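Dear colleague,

I am passing on the structure we talked about, together with some notes on what came out of it. Please have it open beside this message as you read.

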Amino acid sequence: MTTRRIDLRSDTVTQPTDAMRQVMAGAPVGDDVMNEDPTVIELERYTAELMGKDAAVFVPSGTMANQAAVRSYAGPGDEILAVDQCHLFFYEAGSAAGLSGVQIFPVPAVQGIFKIEDFRDRIRPEDLHFPVTRLFWVENTHNRGGGRIVPFELMKQLKKLSDRTGIPIHVDGARLPNASAATGIPLPRWTALCDSLSICLSKGLGAPVGSLIVGSETFIHKCRRARKAFGGGMRQAGIIAAGGLYALKNNLQRLRDDHRRASRLAEGLKSIPGLHIPPDVDTNIVMIDLDDDTHFDVPSFQDLLQKQGVLMFAVGPRRLRAVTHLGIDDQDIAATISIFKTLLTRAA
Ligand SMILES: Cc1ncc(COP(=O)(O)O)c(C=O)c1O
């Protein structure tokens, strides 16, 4: 058993550091619904510039970022083509339909990576029987796909299809900074391949709250309306925006450490009998499959891990997920591998 808790459930569990807390406590604030919060205004300006787009809007969560984007592109009876198993489709309580009356047509994908023909072939022709295809939706990196990076070349092809058809591209980029850190391709080169995107500050970047939607002035104006409609207009939000600004200024490069640790974890677990680790650990997420012939089911194994101080989420009937982040160090990775070894060897 480790003496400290190793929380690998998600990169959302990070705690703000002392330095971040200090910046937050001292942030100048105002009423952001009246557009008077200087720290929020600065975060939005800074993010738009970092991403190479015209404008950005600060929202409370990644889910609201997604829902405000959907509402701004589409309305009742419209359809968006979204990569299979994306967060928007899988984890948002059916809100594209519930809040905006929008239908999602899933595009087949393996770990978030699609074939361009599968987008192309799902675009609806003009016919009164069909919904209108309003948007292409991609998630990069792909959460349920194990943090896989959508290849840059594939995004270029999608952009070509978008230019040809006039259908815009939105990227759920909750972890796009991870894709940029892992590939070395600067953020603005990624964002040039989409019309709009979101990023989350409260995942690997380590801020306590908040996401941004980024795009053209006109689109962001629509998103501000949607944010208000969904109850996401915040007042003295500069306190939390300051944590986000700090995260963007200080925590982008260190994402590589999370990636290195995720690879190390995958490597260490791979050789343990009873486990299968899907290949291609591109960023900070490791999927761990329990073989059918191990004695454990996922909940009982999760339980045993927890008793040893290691927390992971179940994301499938035989699958656990581990996510590295700034609260996880090299020792935690070594301890986790050793705990897995002990538990599975004992059971063999
Ligand atoms: C890809 C992706 N998009 C959106 C979200 C939603 O973010 P939030 O939990 O802040 O609503 C998540 C959360 O894990 C995510 O992984």
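In helix α1 (residues 18–25), the buried residues are Met-20, Val-23 and Met-24, where buried stands for 20 or more other C-beta atoms within 10 Å of a residue's own, exposed for 12 or fewer, and partly exposed for anything in between, with C-beta atoms placed from the backbone. Among what covers the buried residues of α1 is α11 (238–250). Helices (H or I, at least four residues) and strands (E, at least two) are DSSP runs, numbered from the N terminus.

Two cautions apply to everything here. The model is predicted, so that local features need pLDDT of at least 70 and side-chain atom pairs count only at pLDDT 80 or more, while totals for chains, interfaces and linings use all residues. Residues are numbered from 1 along each chain as its sequence is written.

The protein chain is divided into domain 1 (6–13 + 254–347) and domain 2 (18–250), with bounds that come from an automatic or database domain assignment. Taken over C-alpha atoms, the centres of domain 1 and domain 2 are separated by 28 Å. Domain 1 puts 17 residues into the contact and domain 2 puts in 17 residues, two residues being in contact if their C-beta atoms, placed from the backbone, lie within 7 Å. On the side of domain 1 that touches domain 2, α12 (255–270) and β12 (285–290) each supply at least two residues, and α12 gives the most, with 4 residues.

Around the ligand are Ser-61, Gly-62, Thr-63, Asn-66, His-87, Glu-139, Asn-143, Asp-172, Ala-174, Cys-200, Ser-202 and Ser-211, a residue being near a molecule or strand if its C-beta atom, placed from the backbone, lies within 6 Å of it. Helix α3 (residues 62–73) gives the most to this shell, with 3 residues. By class, the shell has 2 nonpolar, 8 polar and 2 charged residues, where Ala, Val, Leu, Ile, Met, Phe, Trp, Tyr, Cys and Pro count as nonpolar, Asp, Glu, Lys and Arg as charged, and the others, Gly among them, as polar.

Finally, some backbone details. Asn-140 and Thr-141 are joined by a cis peptide bond, with omega about 0°, and Thr-141 lies in the loop between β7 (133–139) and α7 (152–165). Gln-111, a residue other than glycine, has a positive phi near 50°; Gln-111 is found in the loop between β5 (109–110) and β6 (113–114).

With best regards
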